[in-house]
Amino acid sequence: MIKIYAPASIGNINVGFDTLGMAISPQDGSLLGDCVTITSNNSFDLQNVGKFSSQLPQNIKKNIVWKCWNHFCIILKKKISCSIILEKNMPIGSGLGSSACSIVATLVAINKFCKLPLNEKKLLSLMGKIEGEISGEPHYDNVAPCYYGGLQLIINENNYISQPVPYFKKWIWIVAWPGINISTSSSRSILPSKYKKEICVEHSRLLSGFIHASHTKQESLAIMLMKDIIAEPYRIQLIPNFLEIKKTVLNLGAINFGISGSGPTIFVVCNKQSRAVKIKQWLSENYLKNKNGFVHICQLDLLGARKIGI
Ligand code: HSE
């Protein structure tokens, strides 16, 4: 039996649309991600369990796990006989890389089960391809950090898909999911298909500056450059009272605030634990829309997808 856990992730950290993403794990040690368990069987069998399994499609061929298994069978040119259990702990359409969690956990598990026919790069490339089929366009900023852990810069040039970026150890990340869902494809479809030259130049400046500040350990410069001029101006309409919430959270001592992935989860960066606790409390009381919603104080997850259990 192989059981793989794949962590939640924040795609775009205000700067770096589709090119910067990070894996996260709650400070309290709880697991925020999906698990996939695979065992030998005479035929293929898939079972969905977990808090959010009721959000999964009824048609097995629309299930991400089935798609991953099917891709793997095509690559290996054989039907892989196995029994898979998907523990769907991540809400779908939350902006926390829910589909990436399922894709990464499944592909890592099947690859181990089949005695590693795919190397890391081929596996990551397949993860990006399947993510693209689901969200409408390939993007690696959830699958790469979910697989490798840490903060990842997506390069996607020849053999270089992703590279780790040095991170600021004292940054605390708070994520708040209000309990409602927005599909990644619809949140992407409201973005312009073309951007003006000024925006391209501005975003190059922000991203290259952020990467430089990260490598040279200039924390305040890095924070100054974490601005979203690509997605936030358009996605703001999906999040009621976004600007008021941002103002309050910054007044409570946050050093950065933005939309996680395609939303509606928001993320907050803090560098003091006491402030993080206060902000978590405020968001729990003011941002959640129903009892499914949650707020977690997180750290960067440095391990990425991993084997758990026996
Ligand atoms: N970079 C992607 C987006 C992440 O913002 O659409 C999706 O979770």
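N156 sits in strand β7 (residues 151-157); strands here are DSSP runs of E with at least two residues, helices are runs of H or I with at least four, and both are numbered from the N terminus. In this predicted model, local features need pLDDT of at least 70 and side-chain atom pairs count only at pLDDT 80 or more, while totals for chains, interfaces and linings use all residues. Residues are numbered from 1 along each chain as its sequence is written, and side-chain values use heavy atoms, with hydrogens and water left out.

The phi of N156 is near 45°, a positive value in a residue other than glycine. N156 is partly exposed, with a relative accessible area of 43%; buried means under 20%, exposed over 50%, and partly exposed in between, computed with a 1.4 Å probe on protein chains only. N158 also has a positive phi, about 50°, although it is not a glycine. This residue is found in the loop between β7 and β8 (160-165). N158 is exposed, at a relative accessible area of 73%.

Another backbone feature is the cis peptide bond that joins G263 and P264, with omega about 5°. P264 is placed in the loop between β10 (256-259) and β11 (266-270).

Strand β4 holds T37, which counts as buried at 12% relative accessibility. Leaving aside residues up to four places away in sequence, T37 touches M1, I2, K3, S83, I84 and I85, where contact means heavy atoms within 4.5 Å.

K88 is buried, with a relative accessible area of 1%, and D34 is buried at 0%.

The whole structure contains 8 salt bridges. One of them pairs D18 with R188, the closest N and O atoms being 2.7 Å apart. D18 lies in the loop between β2 (9-11) and β3 (20-26) and R188 in helix α5 (residues 184-189), so this pair connects parts that are 170 residues apart in sequence. Both D18 and R188 are buried. R306 forms a salt bridge with D301, with 3.0 Å between the closest N and O atoms, and both R306 and D301 are buried. Salt bridges that share partners join D18, E137 and R188 into one network.

The remaining topic is helix packing. Two packed helices are described by the angle between their axes and the distance between the axes. The axes are lines fitted to C-alpha atoms, for helices over the stretch in contact, and angles run from 0 to 180 degrees between N-to-C directions.

Helix α1 (residues 64-76) and α3 pack at an angle of about 130°, with their axes 11 Å apart. That makes α1 oblique to α3, given that angles under 35 degrees count as roughly parallel, over 145 as roughly antiparallel, 65 to 115 as roughly perpendicular and the rest as oblique. The crossing of α1 and α3 is right-handed; a crossing is right-handed if the near helix is turned clockwise from the far one by less than a right angle, and left-handed if anticlockwise. I64, C68, H71, F72 and I75 in α1 meet L123, L126, K129, I130, E133 and I134 in α3. By class, this contact of α1 with α3 has 8 nonpolar, 1 polar and 2 charged residues; Ala, Val, Leu, Ile, Met, Phe, Trp, Tyr, Cys and Pro count as nonpolar, Asp, Glu, Lys and Arg as charged, and the others, Gly among them, as polar.

Helix α3 (residues 120-135) also packs with helix α2 (residues 98-113): their axes come within 10 Å and cross at roughly 140°. This crossing of α2 and α3 is right-handed. The residues S99, A100, I103, V104, L107, V108 and N111 in α2 meet L123, L126, M127, I130, E131 and I134 in α3. The contact of α2 with α3 has 10 nonpolar, 2 polar and 1 charged residues.

Helix α9 (residues 242-251) and helix α10 (residues 273-286) have axes that come within 10 Å and cross at roughly 155°. That makes α9 roughly antiparallel to α10. Their crossing is right-handed. From α9, I245, T248 and V249 meet I279, W282 and L283 in α10. The residues of the contact of α9 with α10 divide into 5 nonpolar, 1 polar and no charged.

Conventions: A salt bridge is a side-chain nitrogen of Lys or Arg within 4 Å of a carboxyl oxygen of Asp or Glu.
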